[in-house]
Amino acid sequence: MPGASAPLLTREQVLRALRQIAREGRPLPSGTVYELVYRGRRYPPRAVAELAYRLATGNPTAHWPRPAGAATNTLLEGLDFTISTKRPVLTSGSTHDGDETARQQAEDLYTGISRESSEPASSPAKVAEPPAAYEAPPYDRPDALAELFISEGALDAALAGLARRRNLLLQGPPGTGKTFLARRLAWLLLGAKDESRIELVQFHPSYGYEDFMLGFRPDADGRFHLVPGVLPLLCQRAAADPDKPYFLLIDEVNRGNVPRVFGELLLLLEADKRGPAHALRLPYAPPDAPRFFVPENLYVIGTLNLADRSLSPLDYALRRRFAFVELGPQFGAPLQEFLAARQVPGAIIEQLCTRMAALNQTIADDPELGPDFVIGHSYFCQPPPQPEQAAEWLRLIIEQEIGPLLADYWREQPATAAAQLRKLLV
């Protein structure tokens with residue numbers, strides 16, 4: 001009897017074909033009447049079935065044994081795929097295709113058990129696949145201490161705060177190596193320079209909830225679709241790879257409207273609010289969409305610039321969810337040893353460090369400025385390759401980078417700015 005024979009395809013085999021099509025950008029012949037709708041995209045059903053059949057049989061030239069139309073569509077619908085009549089994709093305010101697209105795209109936000117991930121753990125048909133394996137260079141504590149201008153105790157304290165809260169904010173004046181340290185904390189916990197598990201974003205005044213979490217965005221044709229932001233996609237990857245830590249690095253946290261950007265994340269960021277037990281419904285998601293949660297293996301490291309007068313301080317709801325680490329200028333032994341190892345003459349190193357320390361003391365003592373406006377060491381971390389170029393290198397940094405900053409600091413006192421610049425150049 002036909003019903004007793006083994007099925008031509010399984011759902012997993014079709015999913016494998018769809019992933020390969022998406023990964024390779026494979027061109028497919030356009031469907032004439034029907035389309036397979038999956039995660040907001042449309043595919044010709046027979047072409048998908050034929051590719052799945054070839055992958056299942058291991059024969060790259062095999063032909064799909066069923067005709068297009070009802071015969072193929074019925075099989076795919078029996079595997080829980082959506083087949084719709086072909087018509088133009090409607091805009092976000094429309095019904096039918098717009099609703100189906102939103103429903104399918106909402107699957108991408110789910111980081112728990114779904115139709116695909118309810119299969120055995122060995123099956124690759126999960127909501128998200130872990131990144132492809134590659135050989136990332138190893139990274140350990142000696143590597144970190146060799147390139148960071150902080151003590152071993154300070155490094156341990158930062159790692160302890162990140163482990164305790166899972167959320168860390170590195171704050172300090174400009175040029176103190178906040179972003180540099182953030183990435184290396186991630187590398188240390190990963191044990192390698194594994195960029196596949198790190199996502200970096202920078203907040204700015206135009207950055208919003210729709211960019212970070214979920215919102216409607218136009219495509220090239222001006223049609224709006226529900227699109228997940230940076231965080232849900234990273235959470236999806238982290239939940240699919242629970243044995244490895246994942247990191248979200250947020251540069252310039254306080255340059256954005258933080259409460260608006262974070263939305264539900266203000267609750268879900270807490271260390272004891274991670275996992276599916278604390279999942280919430282996202283406001284833009286369709287009513288039947290799975291709830292969203294932050295997996296336990298996701299860590300957030302942000303940087304906070306204390307010197308920008310245009311920025312509002314962070315509210316207390318956000319502050320209590322983070323551990324804070326203060327970074328300051330480092331013009332002592334670590335920087336001096338770093339520059340000496342790169343053949344910068346000792347006299348130049350002495351001049352740089354002594355005069356910058358004196359300038360920072362003047363800035364810190366100024367009641368109009370204060371410690372938040374001192375100048376960091378990052379300006380001087382790329383010395384020239386030849387020792388004889390060091391004097392000119394230092395002069396240009398002072399004139400082209402430090403000088404304009406001082407002019408802005410003492411905008412109402414130009415004589416003070418000029419006097420401080422002269423002290424650096426003498």
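**From salt bridges to strands and helices**

Guide: E12 and R19 are both buried, where buried is under 20% relative accessible area, exposed is over 50%, and partly exposed is anything in between (1.4 Å probe, protein chains only). The two join in a salt bridge, with 3.3 Å between the closest N and O atoms; the term takes a side-chain nitrogen of Lys or Arg within 4 Å of a carboxyl oxygen of Asp or Glu. Before going on: this is a predicted model, so local features need pLDDT of at least 70 and side-chain atom pairs count only at pLDDT 80 or more, while totals for chains, interfaces and linings use all residues. Residues are numbered from 1 along each chain as its sequence is written, and side-chain values use heavy atoms, with hydrogens and water left out.

The structure holds 20 salt bridges, and a few others are worth a look. R46, E50 and R54 are linked in a network of them. K273 and D272 meet through their side chains at 3.4 Å, N to O; K273 is partly exposed at 23% relative accessibility, whereas D272 counts as exposed at 51%. D219 and R223 make another one, at 3.6 Å from N to O. Here D219 is partly exposed, with a relative accessible area of 25%, and R223 is also partly exposed, at 25%.

That last pair takes us to a hairpin. Strands β6 (residues 214–218) and β7 (residues 224–228) form it with 5 residues between them, and G222 in the turn has a positive phi of about 80°. Helices (H or I, at least four residues) and strands (E, at least two) are DSSP runs, numbered from the N terminus. The two strands pair in the antiparallel sense over 5 bridges; pairing asks that DSSP find at least two bridges between them.

F224, in β7, is partly exposed, with a relative accessible area of 36%. Together with F216 and Y284, F224 makes a nonpolar surface patch of about 260 Å². Patch members have over 30% relative accessible area and no salt bridge; like charges are joined within 9 Å, and nonpolar side chains (Val, Leu, Ile, Met, Phe, Trp, Tyr) within 5 Å. The areas come from the Shrake-Rupley method with a 1.4 Å probe, and for residues only the protein chains shown count as cover.

Strand β4 is another story. 6 of the 6 residues of β4 are buried, so the strand is largely enclosed by the rest of the structure. In a regular strand the side chains alternate between the two faces of the sheet. In β4, N167, L169 and Q171 point one way and L168, L170 and G172 the other, all of them buried. β4 runs parallel to strand β9 (residues 298–305), pairing over 6 bridges, and N167 stands opposite V300 there. 4 bridges join β4 to strand β10 (residues 323–326), also in the parallel sense, with Q171 and E326 as bridge partners.

R166 has a positive phi of about 65° although it is not a glycine, and counts as buried at 19% relative accessibility. Q343 does something like it: its phi is near 65°, a positive value in a residue other than glycine, and Q343 sits in the loop between α13 and α14.

So what do those two helices look like? In α13 (residues 333–341), L335, F338 and L339 are buried. Seen down the axis, they fall within an arc of 95°, so they line one face of α13; the arc is that of the directions from the helix axis to the C-beta atoms. The face of α13 turned away carries the exposed residues E337 and A341.

Helix α14 (residues 346–365) has 20 residues and should span 28 Å at 1.5 Å a residue; its end C-alpha atoms are 29 Å apart, which agrees. That expected span is 1.5 Å times one less than the number of residues. The buried residues of α14 are I348, I349, L352, C353, M356, L359, N360 and I363. They cover an arc of only 140° around the axis, which puts them on the same side of α14. On the other side of α14, G346, A347 and D365 are exposed.
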